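Subject: Structure handover

Hello,

Here is the structure I said I would pass on. My notes on it follow below.

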Amino acid sequence: MEAALLPFTTPSLSPPLFSSPSSSNNKLSLPAKKITSSRSTNRKGNATARSRSHQLLPPLRASASSETETVPAVGSPAVPSKMKAWVYDEYGDANVLRFDEEVVVPEVKEDQVLLKVVAAAINPVDFKRRQGKFKATDSPLPTVPGYDVAGVVVKVGSQVKGLKEGDEVYGNINEKALEFPKQFGSIAEYTAVEEKLLAIKPKNLDFAQAAGLPLAIETAMQGLEKAGFSSGNSILVLGGAGGVGSLVVQLAKQVYGASKVAATASTGKLELLKSLGVDLAIDYTKENFEELPEKFDVVYDAVGQGDKAVKAVKEGGSVVVLTGAVSPPGFRFVVTSDGSALTTLNPFLESGKVKPIVDPKGPFPFSKVIEAFSYLETGRATGKVVIYPIP
Ligand SMILES: NC(=O)c1ccc[n+]([C@@H]2O[C@H](COP(=O)([O-])OP(=O)(O)OC[C@H]3O[C@@H](n4cnc5c(N)ncnc54)[C@H](OP(=O)(O)O)[C@@H]3O)[C@@H](O)[C@H]2O)c1
């Protein structure tokens with residue numbers, strides 16, 4: 001396993017922009033106690049006295065989604081009671097994030113497993129949530145961020161049927177992205193996740209590659225499904241080089257049998273688009289896609305250009321947008337985490353038909369989570385921003 005992960009520890013992972021497969025084929029449970037940090041570190045990772053805001057914090061509580069009973073887990077006695085994690089105690093910019101070495105390891109509920117996190121990935125929803133944009137439906141602060149995870153099962157709840165200790169899995173830990181996401185996310189040594197949100201990690205992918213997939217690939221797939229995309233259809237993907245867009249283009253081509261895939265990106269990313277199977281790579285710094293004579297069966301907007309997107313669709317076609325406003329026939333949806341969708345896609349990942357794209361500026365080590373967020377927040381990431389290794 002370590003050998004397979006090695007390329008990700010090397011800073012010079014470019015080009016190619018995407019990481020190649022390493023083999024040829026292929027709610028918060030109530031913590032037993034509060035975060036009781038005696039030590040935290042500043043953004044440079046240096047040990048500091050306990051932060052002021054931390055001292056004032058209430059104990060970490062169960063999220064509002066934690067309604068089922070917390071049950072004792074059957075499992076490894078080797079799991080510690082405290083863990084290292086990134087935490088924020090108030091909403092704000094990336095500097096509200098702090099490293100804490102003594103966060104209570106979450107307990108598992110009956111339908112959950114506890115994962116030793118090996119790699120995690122961050123998504124725009126993580127920073128939008130941290131900025132307080134979803135306050136009304138957020139779990140209580142303080143928060144350990146992180147939706148995407150790849151790791152190893154170290155405990156199983158009493159009702160878990162399909163997973164066992166030692167299984168290598170990946171998934172998006174929050175069933176509803178915006179409805180009471182877990183208080184204890186994946187940017188931590190351990191995280192508790194419902195079995196149904198996880199899938200066995202594709203054998204050919206290392207943890208860093210797998211961690212970048214769940215939320216983005218689920219979003220890509222659900223958007224295509226909701227748009228009614230099917231074999232022989234054409235598609236225009238706005239933002240084809242981003243976390244979601246890079247998977248929409250691949251799924252459209254390799255899984256759904258698109259007749260033509262067009263996508264937008266800036267000049268330096270056009271070659272990546274072509275390497276992912278894009279037939280028409282549009283440089284948005286030079287061309288206005290909405291003015292092209294060609295129209296598409298489906299327009300998938302991962303940028304927030306709903307007003308222009310509706311101008312590029314054929315009569316009777318669908319326009320799916322992930323962010324921003326859109327008028328009919330456009331529609332917006334919010335992803336639902338689904339381990340069975342990942343299981344369905346595993347053969348395409350294992351055959352190499354669909355490839356995870358890990359941004360070449362990463363993976364970011366666990367000490368550089370603030371830097372990773374700052375980078376993602378530029379809006380210029382290529383594929384996924386991954387955090388690895390996680391101790
Ligand atoms: N509704 C949902 O369930 C859902 C789920 C997932 C994501 N989202 C949202 O969807 C959006 C995309 O998510 P993501 O994870 O894919 O983000 P991301 O990885 O951060 O997207 C970055 C990419 O966007 C591209 N980009 C920026 N402006 C562009 C433009 N004008 N035209 C074409 N490409 C452009 C950048 O390419 P360049 O450097 O070439 O500009 C970059 O590669 C975010 O707003 C996110 O919150 C919503």
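What percentage of the residues in the protein is buried? Buried residues make up 53% of the 391 residues. A residue counts as buried if 20 or more other C-beta atoms lie within 10 Å of its own, as exposed if 12 or fewer do, and as partly exposed in between, with C-beta atoms placed from the backbone.

Two points on conventions. This is a predicted model, in which local features need pLDDT of at least 70 and side-chain atom pairs count only at pLDDT 80 or more, while totals for chains, interfaces and linings use all residues. Residues are numbered from 1 along each chain as its sequence is written.

Confidence

The average pLDDT (the predictor's confidence in each residue, from 0 to 100) is 85 for the protein, and 80% of the residues score at least 70. Over residues 1-75 pLDDT stays under 50, and the model has 156 contacts beyond four places in sequence for that stretch. A contact here means two residues whose C-beta atoms, placed from the backbone, lie within 7 Å. Where pLDDT is low, the predicted coordinates should not be read in detail.

Ligand shell

The protein has 10 helices and 17 strands; these are DSSP runs (helices H or I, at least four residues; strands E, at least two), numbered from the N terminus. Around the ligand there are 30 residues, of which Pro124, Gly242, Gly243, Ser266 and Leu322 come nearest. A residue is taken as near a molecule or strand if its C-beta atom, placed from the backbone, lies within 6 Å of it. Helix H3 (124-130), helix H5 (214-226) and strand S12 (260-265) are the elements that give two or more residues to this shell. Its classes are 16 nonpolar, 12 polar and two charged residues. In this count Ala, Val, Leu, Ile, Met, Phe, Trp, Tyr, Cys and Pro are nonpolar, Asp, Glu, Lys and Arg are charged, and the others, Gly among them, are polar. The ligand shell lies between domain 1 (2-213 + 361-387) and domain 2 (216-332), because both give residues to it. The domain bounds come from an automatic or database domain assignment.

Nonpolar core

The largest nonpolar core has 116 residues, and Ala119, Ala211, Val248 and Ile387 have the most contacts inside it. Strand S6 (residues 112-122) gives the most to this core, with nine residues. Domain 1 and domain 2 each supply at least three residues to it. Such a core is a set of buried Ala, Val, Leu, Ile, Met, Phe, Trp, Tyr and Cys residues joined through C-beta atoms within 7 Å. Beyond four places in sequence, the contacts of Ala211 include Ala119, Asp148, Tyr170 and Tyr388.

Helix H6

In helix H6 (residues 245-255), 10 of the 11 residues are buried. Val248 is one of them. The buried residues of H6 pack against H5, strand S11 (234-238), S12, helix H7 (270-275), strand S14 (296-301) and helix H9 (339-350). Just after H6, Gly257 takes a positive phi of about 75 degrees.

Individual residues

Asp297 lies in strand S14. It is classed as buried because 21 other C-beta atoms lie within 10 Å. Leaving aside neighbours within four places in sequence, Asp297 is in contact with Asn233, Ser234, Ile235, Lys314 and Gly317. Its C-alpha atom is separated by 8.1 Å from that of Phe229, 68 residues apart along the chain.

Two residues belong to the loop between H3 and strand S7 (148-156): Pro142 and Gly132. Pro142 is buried, with 25 other C-beta atoms within 10 Å, whereas Gly132 is partly exposed, with 14. The C-alpha atoms of Pro142 and Val87 are separated by 6.6 Å, and those of Gly132 and Gly92 by 7.0 Å.

Backbone geometry

Most residues other than glycine have a negative phi, and most peptide bonds are trans. Phe180 has a positive phi, near 50 degrees, and is found in the loop between strand S8 (168-172) and strand S9 (190-194). Phe180 counts as buried, with 20 C-beta neighbours inside 10 Å. A cis peptide bond joins Pro328 and Pro329, with omega about 10 degrees; Pro329 is in the loop between strand S15 (313-321) and strand S16 (330-332). Another cis peptide bond joins Tyr388 and Pro389, with omega about -5 degrees; Pro389 is in the segment after strand S17 (385-387).

Regards
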